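Thanks for passing this one along. Here are a few notes to read beside the model.

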Amino acid sequence: MSAVETKSEREEGWNRPPVIEPGGEGELLEVAMGPHHPSTHGVFRMDVALDGERVIRLKPVFGYLHRNHEKIAEGAAYLASMPYTDRLDYFCSLTNNWAYALAVEKLVGQEVPERAEYIRVILAELTRIQNHASTIGFLLQEMGASGTPLMYAFREREKILDLFESLTGSRMMCNYMRFGGCRVDVSVSWLDATRKVVSGLPAFADEFEALLSSNEILMARCQGIGVLKPELAVNASVSGPMLRGSGVNYDIRKVDRYGVYDRFKFRVPLGDHGDIYDRYMVRVLEMRESIRILEQALKDIPPGPIMDPKSKIRGFRPKPGEAYGRIEAPKGELGFYLISDGGPNPYRYRVRPPSLINLTVLEDMCLGHNVADVVLIFGSVDIVLGEVDR
Amino acid sequence: MLAAGSLGLEAELKTVEEIKAAIEAAVSGAQVEVLRNPSPSAQHSLRVAHESALEVAAFLRDDPELAFDYLSNLTGVDWPDKEITEKVKVTRQVLKTVDGPEGKVEQTVEETVDETRKRTEPGCLEAVYHLYSVAKKHGPLVIRMRTANRTDQVELPSLTPIWRGAEFQEREIFDLYGIVFKGHPDLRRILMWDGFKDYPMRKDYVEPDDYEYEPTAHDHVLARAQEHKSREPGSKGAAESA
């Protein structure tokens, strides 16, 4: 780390993090938070310069988990990358599958049967609920609420993972979606089991909120901390609950209406202040909206095929061209950009990772706060290092 | 259904041709080229010359009708030098001895032959931008920029001053492809470590193999590792081979 830049050295522009002048006497303390730190959710480092307890500068350092996923995928057939997308954001493998399948379907112009679209929506919303519940659990864990909220979240997550396991054979690495549909059909008993789990979710959300939302410590630690302004959020390509926590009404499920999301009634929760509390609240409310979507989807799911009969498994060679497909993953906008040269492998395969790009504004949110708040601000971004480093 | 080549779902439909015309009207001297995408996705792109890229980007962001305020995705693509072999019919004039009425005469005759020619199409590095509009809820608009070549002229203007979201993504392209973004506030490697020499996402990248640390019975693996070591300047292998 070099010495702190002065204002004149930093190029002017409103969308750069502000320069905070250290006050008082003495030297700055430079701390490397991580790469092995309980609050960093994996191997991730923040190089922090501190003036007393106050953060003067913060530079995130990535790459500890880098395995060049994109290069590996460019050397593999299209379908061969599907199980590997599970390992990006390993909390939400089903939405990763969907984003990749959607990009390939755009590239080749493939239709997806109605029943498969409903299955995808059900699985994606279940994924969103378990992700948001765990994220809040981890946030509280970092606040010092040792165990209880996280265990409440994990109790519910277990039920959802059991559903994933009985359908796809795996709790976390599901590898379930295919280009033009899904791998196996859902059974009547699986749908009944899912209805039973979903019917218990509103009570869980109530319980979770009764425990947390008006908790004095949570409010004191979260309100007014880590504020992200909406203009900066849009300019810095922030997506997902972070963007909506800042009050920007942008949900790709509503904007792109991919899949069959235009058939469901749901609202997009928005924050007012853009602080940690708003991000927490947006996640809680999104869980409730996901429950509404699930209830509608489980009621309306039609019978029919789950694979496009024209889809090819062997000899899958898209015509030359390119496509960018994106979905509203639990962490934000997850996109896949593919260029085909007519061969069996993609010529270019790019993952647009929401976790990495949401970290662009980490420094802006942390500057001026105490080092203990950095842990919370970082936790409210909701990242998974498998996706940040790829 | 939308008309082919149109952008967006809710907003007024603008084709890439209309956007090109709008850019050329607003930014003087902007060179914009429409690239059709033959895939069913119909996401056509605009190639922008890098000299005027900053003005074009500022126009796309600030124009009230276009309002592309959200840089969703930014990535690099490597297009290596391509050797193209083509067969050409060549007509040339050949001196031939022809039997004339007054004995043998030298005469110029036209002759057509097939000739195989090889030419090298120079490669380049490309940056691809996917723009959306949060205000108008339309997109994507695909913008591309190319470097002059892959070796020494690999500079493109940084669009981080326009869209902050480019900051980490430009660093990633610099890290993995080697495009140098001029004007970036903090252009360092992001995923690979600082001392790393090569650009791993390029098509001609050779994996380093440090397998000599592990017992292996495969001589060819050791030979490759030796070859790789000798290419690194200042390494032990280079000293041995020199």
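**Notes on the chain contact, a sheet and a helix pair**

1. Between the chains, 32 residues of chain B are in contact with 40 residues of chain A (C-beta atoms, placed from the backbone, within 7 Å). The largest share of chain B's side, 6 residues, comes from S3(B). By class, that side has 18 nonpolar, 10 polar and 4 charged residues (Ala, Val, Leu, Ile, Met, Phe, Trp, Tyr, Cys and Pro count as nonpolar, Asp, Glu, Lys and Arg as charged, the others, Gly among them, as polar).

2. Please keep in mind that this is a predicted model, where local features need pLDDT of at least 70 and side-chain atom pairs pLDDT 80 or more, while totals for chains, interfaces and linings use all residues. Residues are numbered from 1 along each chain as its sequence is written, with chains lettered from A and ligands numbered from 1 in the order in which they are written.

3. Chain A has an open sheet of 3 strands in the order S1-S4-S5, with antiparallel pairing (strands are DSSP runs of E, at least two residues, and helices of H or I, at least four, numbered from the N terminus; a pair needs at least two bridges). S4(A) and S5(A) are joined by 7 bridges, and A:Asp51 stands opposite A:Arg54 in S5(A).

4. H3(A) and H4(A) pack at about 135°, with axes 8 Å apart (axes are lines fitted to C-alpha atoms over the stretch in contact; angles run from 0 to 180 degrees between N-to-C directions). Residues making this contact include A:Trp98 of H3(A) and A:Leu123 of H4(A).

How values were computed. Contact = placed C-beta atoms within 7 Å.
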